[in-house]
Amino acid sequence: QTQGLSHHSPGLLAMFLMACVSLRYQPPHQLLTAVCCALEGNVTRLSTQTVCELLSSLAALQHDPGEVLLDELVGVVEGRVMLRRQELLTLESLVKLAWGLACLKQYKRPLFKRAVRRALGSSAGALNERPQLLRQLLELKMLFQVERRAGGYWHMLRPCWERRVAAGGADRVPEAVLLQSAG
C-alpha cells in the first residue's frame, strides 16, 4: 500500500485525511498507517497551516502517526513558527495544533505548551461562528488547567487509586508502574 501512496504529493495525502474528518469517514487502520508512512520525510513540503490541520485530522481519526512522523510534523511547526519566526499562526491553526497534540498525548512537548498558551490568550469571540473550534479551545482550557496543577493529573488521581486499593478494590495496574509513570 505504501508504494502506491508514495506517488502522491504530501498535500494530496493531507487533503485526503482532512476530507475523511469532514465527511466523518473512518478509513481502515492499514490505510491510515500507509498514508502516514508515505508522508514521512515529505512534510517539509507542506505549509505550516496544513501541518496543523494534519495533526488535528490524525487526532480526530484517533490514529497514532508514529514517533517519526510526529517528530517531523512538530519539527516543521517549531522550526518555522517558534524558532525562525517566519510565519504567524492563525487562531484556528493554533487551536488545531494544540488540540491535535493533546489528543495524541503530546503534553510534554514545548510546542504544545506554547500553542495552548497562545490560543488561550487570544480572543475566543473570533470562534463564535465555528462551534467545533470553540469546543476544542474549551477542551484545551480544561486540560491545561488540570495539567498546570502541581503534579499534573496524577496528583489528583493517585488518592482515588490508593483509596480503591486500600478498600480491597481490584488493582488493575501494578503500583510500581503507576509510581514509575508519575515520575
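The model is predicted, and local features need pLDDT of at least 70, side-chain atom pairs count only at pLDDT 80 or more, and totals for chains, interfaces and linings use all residues. Residues are numbered from 1 along each chain as its sequence is written, and side-chain values use heavy atoms, with hydrogens and water left out.

**Helix pairs**

Two packed helices are described by the angle between their axes and the distance between the axes. Axes are lines fitted to C-alpha atoms, for helices over the stretch in contact, and angles run from 0 to 180 degrees between N-to-C directions. Helices are DSSP runs (H or I, at least four residues), numbered from the N terminus.

| Pair | Angle | Axis distance |
|---|---|---|
| α2 and α3 | about 150° | 10 Å apart |
| α2 and α4 | roughly 45° | within 9 Å |
| α4 and α6 | about 40° | 8 Å apart |

Let us begin with α2 (residues 10–22) and α3 (residues 29–39). Their angle makes α2 roughly antiparallel to α3 (over 145 degrees). Helix α2 passes α3 in a left-handed crossing, where the near helix is turned anticlockwise from the far one by less than a right angle. P10, L13, F16 and L17 of α2 touch L31, L32, V35, A38 and L39 of α3, contact meaning heavy atoms within 4.5 Å. This contact has nine nonpolar residues, no polar and no charged ones (nonpolar: Ala, Val, Leu, Ile, Met, Phe, Trp, Tyr, Cys and Pro; charged: Asp, Glu, Lys and Arg; polar: the others, Gly among them).

Helix α2 also meets α4, again in a left-handed crossing. The contact includes A14, L17, M18 and V21 of α2, and E53 and L54 of α4. By class, its residues are seven nonpolar, two polar and one charged.

Helix α4 in turn passes α6 in a left-handed crossing. Among the residues that meet are C52 and E53 in α4, and K96 and W99 in α6.

**A pocket between helices**

What lines the second largest pocket? There are 15 lining residues, with V21, S22, E53, K96 and Q132 nearest its centre. A pocket is an open set of points on a 1 Å grid over the protein atoms alone where a 1.4 Å probe fits, with protein on both sides within 12 Å along at least five of seven lines, and lining residues have an atom within 4 Å of a point. Helices α2, α4 (48–60), α6 (91–103) and α8 (131–148) each give two or more residues to the lining. The lining has six nonpolar, five polar and four charged residues.

Key. Parallel < 35°, antiparallel > 145°, perpendicular 65-115°, else oblique.
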